[in-house]
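Hi there,

Here is the structure I promised to pass on to you. Have a look at it first, and then read on for what turned up in it.

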Amino acid sequence: MPGTIEFRQVPKPVPGNDEVLVRVRRIGVCGSDIHVYHGRHPYTTYPVVQGHEVAGTVDSMGAGVRGFAAGDRVVIMPQVTCGACYACRQGMYHICDHLRVMGFQTGGAAQEYFPVSAAMTLKIPEPVGLDQAAMIEPLAVAVHALSRFGEVRGKSVAVLGAGTIGNLTAQAARASGAKRILITDVSEYRLEKARRVGFPLVVDRRHEELGEAWKAFGPDGADVILECAGSPEAMADAIRHARKGSTVVVVGVFATPPAVDMGLVQDRELLLAGSLMYRKNDYEAAIAMAASGVIDFDELITHRFAFEDYPAAYQTIDEARGNIMKVIIALD
Ligand SMILES: [Zn+2]
Ligand SMILES: [Zn+2]
């Protein structure tokens with residue numbers, strides 16, 4: 001039930017024919033995990049095994065699995081899809097009508113051994129460490145969000161919200177050749193993290209108007225604005241500051257429906273695009289990005305806990321009140 005973390009001793013799982021048994025080594029804790037913990041996630045039933053940002057090594061595999069060997073370092077895509085609905089038939093399985101996400105609507109990887117479909121398992125190349133690998137999932141969120149706009153090379157990009165997803169979205173945009181990147185937030189802690197990973201153009205919306213900073217984009221404004229805060233105020237900023245013909249990508253999850261001026265969407269011919277999760281190509285792009293060394297993950301990993309210290313990790317997150325980025329659970 002919400003607010004309770006329980007450890008259970010279970011038999012070591014046996015991988016199915018098409019499954020890889022992953023020895024879990026790192027689990028990233030994300031904001032939605034905390035919502036589940038507090039009973040504020042609308043689509044979860046209890047009890048649930050959490051864990052959807054995962055890195056590990058291959059322990060063993062079913063007879064039908066090809067391309068993996070014991071000891072391979074891997075990440076997993078946490079989606080379980082139906083394969084039959086309209087979205088699935090169109091290759092858009094990440095928005096499957098019956099989408100279940102591991103750690104939410106189906107069991108997650110917060111366990112020592114986790115069996116998962118080989119089709120949802122990807123190998124991690126040598127330069128990417130296990131900590132970094134555990135952040136491929138949120139980086140894939142960022143990569144997919146940018147793909148909802150398209151090619152960002154040479155473009156001006158605004159990222160509203162500087163949490164882990166916003167920060168990684170800005171970093172993915174930079175890695176993809178964006179010309180100018182502006183980041184906003186209401187937390188000096190998160191903005192300092194943005195500066196530390198190399199983004200000098202940040203705006204603290206508690207104290208500063210956006211208009212002055214926006215001039216850094218020049219007369220043509222921002223080509224794409226990504227709302228990564230899930231905040232009605234940030235969404236209003238996005239619509240208000242969008243130039244004619246620009247794209248607004250909605251990445252943040254809204255607790256309350258934002259009210260925005262749809263008249264501006266009409267008048268400026270804005271393109272509004274939602275972004276939920278990712279597909280395999282986004283994961284592959286994220287892995288390649290991480291392997292090329294252009295993403296600063298280490299600055300974002302602010303806390304580490306042992307598996308048995310899960311309760312302490314959640315308590316620390318609660319007490320930090322937002323002054324925290326990525327918490328990694330490490331299993332040896
Ligand atoms: Zn997550
Ligand atoms: Zn489906």
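**What was found**

The second largest pocket has a volume of about 920 Å³. Please keep in mind as you read that this is a predicted model. The lining of this second largest pocket is made up of 27 residues, and those nearest its centre are Glu6, Phe7, Arg8, Val49 and Ala110. Two elements, α1 (31-37) and α11 (310-320), each give two or more residues to that lining. What kinds of residue line the second largest pocket? By class, there are 18 nonpolar, 5 polar and 4 charged residues.

Helix α4 has contacts with two helices described here, α5 and α10.

Let's take α5 (residues 164-175) to begin with. The crossing of α4 past α5 is right-handed. On the α4 side, the contact is made by Pro138, Leu139, Val141, Ala142, Val143 and Leu146, while α5 brings Thr164, Ile165, Leu168, Thr169, Ala172 and Ala173. Sorted by class, this contact has 10 nonpolar residues, 2 polar ones and no charged ones.

Now for α10 (residues 280-291). Here the axes are 8 Å apart, and α4 and α10 pack at an angle of about 115°. These two helices are therefore roughly perpendicular to each other. Again, α4 passes α10 in a right-handed crossing. From α4, the residues Ile136, Glu137, Leu139, Ala140, Val143, His144 and Ser147 meet Asp282, Tyr283, Ala285, Ala286, Ile287, Met289 and Ala290 of α10. By class, the residues of the contact of α4 with α10 are 10 nonpolar, 2 polar and 2 charged. If you colour the residues of α4, you will find Leu139 and Val143 listed in the contact with α5 and also in the contact with α10.

Finally, two spots in the backbone deserve a look. Which peptide bond is cis? That is the bond from Tyr46 to Pro47, with omega near 0°. You can find Pro47 in the loop between α1 and β2 (53-61). The other spot is Glu269, which has a positive phi of about 45° although it is not a glycine. Glu269 sits in the loop that lies between α9 (262-267) and β13 (271-274).

Terms used: Residues are numbered from 1 along each chain as its sequence is written. Chains are lettered from A and ligands numbered from 1 in the order in which they are written. This is a predicted model: local features need pLDDT of at least 70, side-chain atom pairs count only at pLDDT 80 or more; totals for chains, interfaces and linings use all residues. Side-chain values use heavy atoms; hydrogens and water are left out. On a 1 Å grid over the protein atoms alone, a cavity is a set of points where a 1.4 Å probe fits but cannot get out, and a pocket is an open set with protein on both sides within 12 Å along at least five of seven lines; lining residues have an atom within 4 Å of a point. Grid points are joined across faces, edges and corners, and a volume is the space filled by probe spheres set on the points. Helices (H or I, at least four residues) and strands (E, at least two) are DSSP runs, numbered from the N terminus. Ala, Val, Leu, Ile, Met, Phe, Trp, Tyr, Cys and Pro count as nonpolar, Asp, Glu, Lys and Arg as charged, and the others, Gly among them, as polar. A crossing is left-handed if the near helix is turned anticlockwise from the far one by less than a right angle, and right-handed if clockwise. Contact means heavy atoms within 4.5 Å. Axes are lines fitted to C-alpha atoms, for helices over the stretch in contact, and angles run from 0 to 180 degrees between N-to-C directions. Angles under 35 degrees count as roughly parallel, over 145 as roughly antiparallel, 65 to 115 as roughly perpendicular and the rest as oblique.
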